[in-house]
Amino acid sequence: MVLGTEDATPVSFWFAVSPGASVGMDDLVTVRTRKPGGQPVSFYGLVDAVRTRHEGVTFDSDVQDVMAGLLPASVSYAARVLVTRVDPEDFIPPQPGDEVRQARGEALALALSADKMDYSFPGGLLADGQVLPVNYGFVNGEQGGHINISGISGVATKTSYALFLLHSIFRSGLLTQRGEGHTTRALIFNVKGEDLLFLDRLNAKLGKKEGDFQERKGWQEGRYARLGLPAEPFRDVQFLAPPRAGQGDVIVPDVEQRAAGVTPFVFSLREFCARRMLPYVFSDAGGSLNLGFVIGNMEEKLARLAAGDDAPSLTVDDWQPDTEVLLSENLRFDDMGKTRIETFAALVSYLEYKLLDQNDGEGDPRWVLKQNQGTLRAFVRRLRGVQKHLAPLVRGDVSAAQAERYRPNVLKSGVQTSVVDIHKLGGHAQSFVVGVLLRDLFEHKERYGRQDTVFVVLDELNKYAPREGDSPIKDVLLDVAERGRSLGIILIGAQQTASEVERRIVSNAAIRVVGRLDLAEAERPEYRFLPQSFRARAGILQPGTMLVSQPDVPNPVLVSYPFPAWATRRDEVAEDVGRDVEEVGEDWLGI
Amino acid sequence: MAPMRIRLDPWPVDMEGGQLGLQRFEGDLIDIETPRWGAVAPRSIPARLHTVYVVDGKRRMESRVFLEDDEGEAGMGGFGAYVVGAVNLCPHGSRPAELENVRARRLLAHAPGLRVDPCLLSPRDPHTGQLQYTPIVAEGTDPLAPLHKLQQAMLSAEQELSHGLASAVPFDEGDDREALTALTLQDGTLRRRSNLGGAVVGYVKTMQTQYLPPDRVGLLSELKPGERTPIMHLTSKTGKTTRFIWYVRLCEAAFYQHPMSGVMRLEMYAPDDSDFLPPIVREVANVSGELLCRLASRAHKDPRAPQNLIPTAALESAMSRAMGSADLVTRRLRAHIAGQYGPGAVA
């Protein structure tokens with residue numbers, strides 16, 4: 001019953017728990033009150049605090065007398081409710097004494113505003129095992145878009161939840177309902193380990209993990225069954241990885257755990273120039289105005305240089321590198337008398353020559369454009385710095401057919417999920433890949449409009465779009481965040497600390513998810529959408545539980561989601577038999 | 001000549017009488033347990049005594065009224081409420097203490113010869129319950145008569161509750177079937193003259209009458225906590241009231257306090273026949289030291305510590321709560337009268 005000793009308001013009230021009943025945080029409840037005229041008003045809400053105390057005693061030490069059986073006292077067990085919905089929207093307070101009941105079935109759907117959602121997919125299980133619906137309209141860009149996930153690495157399992165959401169979107173029948181099954185895709189950047197290279201394989205531990213959980217809860221059915229999702233790995237996945245360093249005709253993906261099924265990707269040197277990828281090499285271009293000018297200038301020059309041909313390499317006629325280049329057998333007539341630039345290193349050397357060496361150190365005046373020597377040097381120095389990381393990725397020594405074959409294409413037909421593995425690349429190269437791929441995607445979408453939805457999963461947003469400073473990749477991400485939803489590019493971003501990510505990216509996310517947070521972090525303004533009690537709890541969340549906030553429901557909801565059905569490392573792959581259970585278990589526990 | 005010494009009366013100053021001024025008792029006092037006048041050590045509480053009830057009552061006059069009935073008769077009256085209740089506890093501490101029968105009753109006491117209907121006070125807010133006042137005839141037309149009637153009703157309810165709960169006390173030597181399993185502690189002196197037959201102990205917190213002759217008073221100051229005096233049989237001056245009485249000390253008196261602070265007088269009903277001490281009375285006296293020391297409250301929690309027992313304090317607050325807020329009740333009464341007879345309703 002609603003308490004009369006605490007204020008009951010239309011947004012929050014306390015209620016007394018009857019003896020024998022048990023109420024915990026996150027339980028959903030409903031109260032019905034009547035206006036003096038007799039019209040009913042229902043309140044739906046979420047328990048956000050529970051407490052017990054001795055009633056009728058004055059001193060703290062009285063508890064000893066109560067326990068010794070001398071002092072009569074009663075235990076008052078009360079819970080606070082944050083109202084998520086008032087129906088009809090008649091904001092009168094509930095009356096003390098109104099009965100509070102657990103929300104189930106239809107009441108639950110109303111509590112979570114499920115009736116307002118045209119299309120929804122399961123976002124996890126509530127504490128009592130009921131399904132949380134997430135409004136797809138706020139995910140795919142129709143009413144809102146983007147998902148943002150915050151939490152400490154390792155314990156917050158941000159990537160797992162992002163993948164679970166994708167799995168849920170793809171496989172809950174939602175897309176079939178909407179007739180979009182074949183056009184909705186995902187682009188996942190793998191930034192940590194080779195965790196995501198086994199998304200298409202069944203997880204060997206799934207049965208045991210979920211079985212244990214089911215047994216502990218005493219449920220009739222497992223979590224996947226409750227969610228209405230198949231316990232299956234991802235389907236139609238392509239894996240892209242950068243090639244191994246070192247020259248040669250054979251391009252091999254630079255991955256260790258997975259032997260087959262990973263496609264390497266490269267950009268041809270001509271593409272690099274023609275498609276103006278140069279700015280993405282510099283992640284801190286905003287640091288100096290002059291440097292930005294030089295980059296823009298070079299970008300333009302290279303684009304002009306690359307125009308008019310389609311061979312993967314570039315040819316220039318005004319430069320002779322120091323080393324003798326043997327005539328190779330596939331020399332074309334056009335190339336006669338010209339120098340072919342086949343590697344990223346050569347390109348950098350060429351730029352160095354044009355900017356600093358030509359004309360006895362004056363540089364080519366049309367390239368230099370009266371820029372300060374120091375700035376030019378800084379430009380070249382930076383290029384040299386990333387040369388090692390980018391050399392395997394940007395190549396001119398591949399054949400046209402190879403360039404075509406290994407060009408990353410995340411919109412390839414028949415592919416629903418593309419995993420781009422960038423964890424082995426250096427920081428600059430990672431930014432480069434992410435920036436270039438997103439830019440391509442964005443430009444493609446701008447040209448062809450929103451025919452389909454692409455979900456982009458990117459962890460460590462604070463690295464790509466930090467709050468301070470400017471970079472081309474941050475611009476792309478901002479574009480995605482601000483305009484992407486109208487074009488059908490949806491960012492599922494994650495970061496450890498939302499306070500360090502560009503504010504506009506986080507604030508554009510309609511759905512926000514929080515896993516375990518550092519308590520100091522939880523007090524920052526980025527987490528104001530969490531009520532105070534939830535901020536305190538974010539510090540004790542266990543892996544596998546998340547606080548989900550969506551626009552339809554004014555308060556966040558705690559959900560748990562099942563163990564991944566897909567393998568997250570090689571030793572979890574179901575086919576991989578031969579290791580005994582103990583070893584696998586130890587591995588899992590990190591012993 | 002002894003030096004001058006000042007000691008504090010342990011009772012708060014707003015309590016009437018206090019302990020320092022004691023009246024002399026003029027009835028009869030007979031040693032019935034033993035002729036030896038000395039401290040009796042406490043005994044441990046027997047396992048078969050499984051329940052102790054602490055009973056108390058409380059009353060409140062809520063409004064004095066002037067009544068006129070439909071036949072033109074007029075007289076004084078009053079709206080009042082009383083509560084009696086008990087705390088049910090295990091002296092061995094094996095289960096939580098519980099409140100029992102704490103429920104307020106409301107009376108409209110009025111002068112005799114009036115026709116008064118029961119009064120039902122409905123609140124404006126339907127969530128807050130109704131108050132029902134039952135008419136009861138007071139003895140006499142004195143303005144204080146309704147209050148006395150209320151007090152009487154409370155006392156008799158208290159007695160009934162006390163005796164209904166406790167083990168029965170056998171009255172002759174041949175009857176020893178009844179063992180002490182349930183004991184009632186009742187706040188204050190046992191007021192009735194006749195014995196209802198239950199194992200009920202009245203405990204008197206403030207001593208206003210000195211029953212002991214001067215040569216025996218010294219023992220009271222010497223008692224150690226838990227120790228008691230031997231049981232005596234007491235007959236009042238009028239000869240109408242007979243009791244068994246003994247004294248128990250609950251705690252050491254601090255050096256600055258009256259030497260008798262922490263001493264409590266206990267009494268039980270006694271037959272007129274002064275030769276027979278029922279064994280159950282001796283048993284009650286034996287356990288009283290340990291039991292009361294266990295129930296005694298602490299000074300920082302209760303200004304009447306240690307005599308105001310822990311369960312009693314809890315019971316008192318539960319009883320006040322059961323009667324409801326006096327301000328609200330008075331306001332409800334006023335609103336009722338205004339609604340019934342006035343030009344318009346007021347809050």
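I started at Lys474(A), which is buried at a relative accessible area of 3%. Buried here means under 20% relative accessible area, exposed means over 50%, and partly exposed lies in between (1.4 Å probe, protein chains only).

**Ground rules.** I noted that this is a predicted model, where local features need pLDDT of at least 70, side-chain atom pairs count only at pLDDT 80 or more, and totals for chains, interfaces and linings use all residues. Residues are numbered from 1 along each chain as its sequence is written, chains are lettered from A and ligands numbered from 1 in the order written, and side-chain values use heavy atoms, with hydrogens and water left out.

**Salt bridges, chain A.** I took a salt bridge as a side-chain nitrogen of Lys or Arg within 4 Å of a carboxyl oxygen of Asp or Glu. I then looked up Arg537(A), which bridges to Asp26(A) with the closest N and O atoms 2.8 Å apart. This pair links distant parts of the chain, 511 residues apart: Arg537(A) sits in helix H18 (residues 532–537), and Asp26(A) in the loop between S1 and strand S2 (28–34) of chain A. Helices (H or I, at least four residues) and strands (E, at least two) are DSSP runs, numbered from the N terminus. Both Arg537(A) and Asp26(A) are buried.

Back to Lys474(A): its side chain meets that of Glu502(A) in a salt bridge, 3.2 Å from N to O. Lys474(A) lies in helix H15 (residues 472–487), while Glu502(A) is in the loop between strand S18 (489–495) and helix H16 (503–507) of chain A, 28 residues apart. Glu502(A) is buried, with a relative accessible area of 10%. I also found a network of salt bridges that links Lys474(A), Glu482(A), Glu502(A) and Arg504(A).

**Salt bridge, chain B.** Glu62(B) forms a salt bridge with Arg60(B), closest N and O atoms 2.7 Å apart. Glu62(B) is buried at 10% relative accessible area, and Arg60(B) is buried at 17%.

**Arg275(A).** I located Arg275(A) in the loop between helix H7 (269–274) and helix H8 (289–306) of chain A. It counts as partly exposed because its relative accessibility is 30%. Leaving out residues up to four places away in sequence, Arg275(A) touches Arg270(A), Arg407(A), Arg439(A) and Asp440(A). Contact means heavy atoms within 4.5 Å.

**Strand S1, chain A.** Strand S1 (residues 12–16) of chain A has four of its five residues buried. S1(A) pairs with strand S4 (residues 74–87) of chain A in the antiparallel sense over five bridges. Two strands pair if DSSP finds at least two bridges between them. Ala16(A) has Ala78(A) as its bridge partner in S4(A).

**Sheet, chain B.** I traced an open sheet of 11 strands with mixed pairing, in the order S2-S11-S12-S13-S9-S8-S3-S4-S5-S7-S6. Strand S2 (28–31) and strand S6 (119–121) of chain B stand at the edges with a single partner strand each, so one side of each has no neighbour in the sheet. Within the sheet, strand S8 (residues 182–187) and strand S9 (residues 200–204) of chain B pair in the parallel sense over four bridges. Asp187(B) has Tyr203(B) as its bridge partner in S9(B).

**Chain A totals.** I logged 19 helices and 21 strands for chain A. Of its 591 residues, 54% count as buried.
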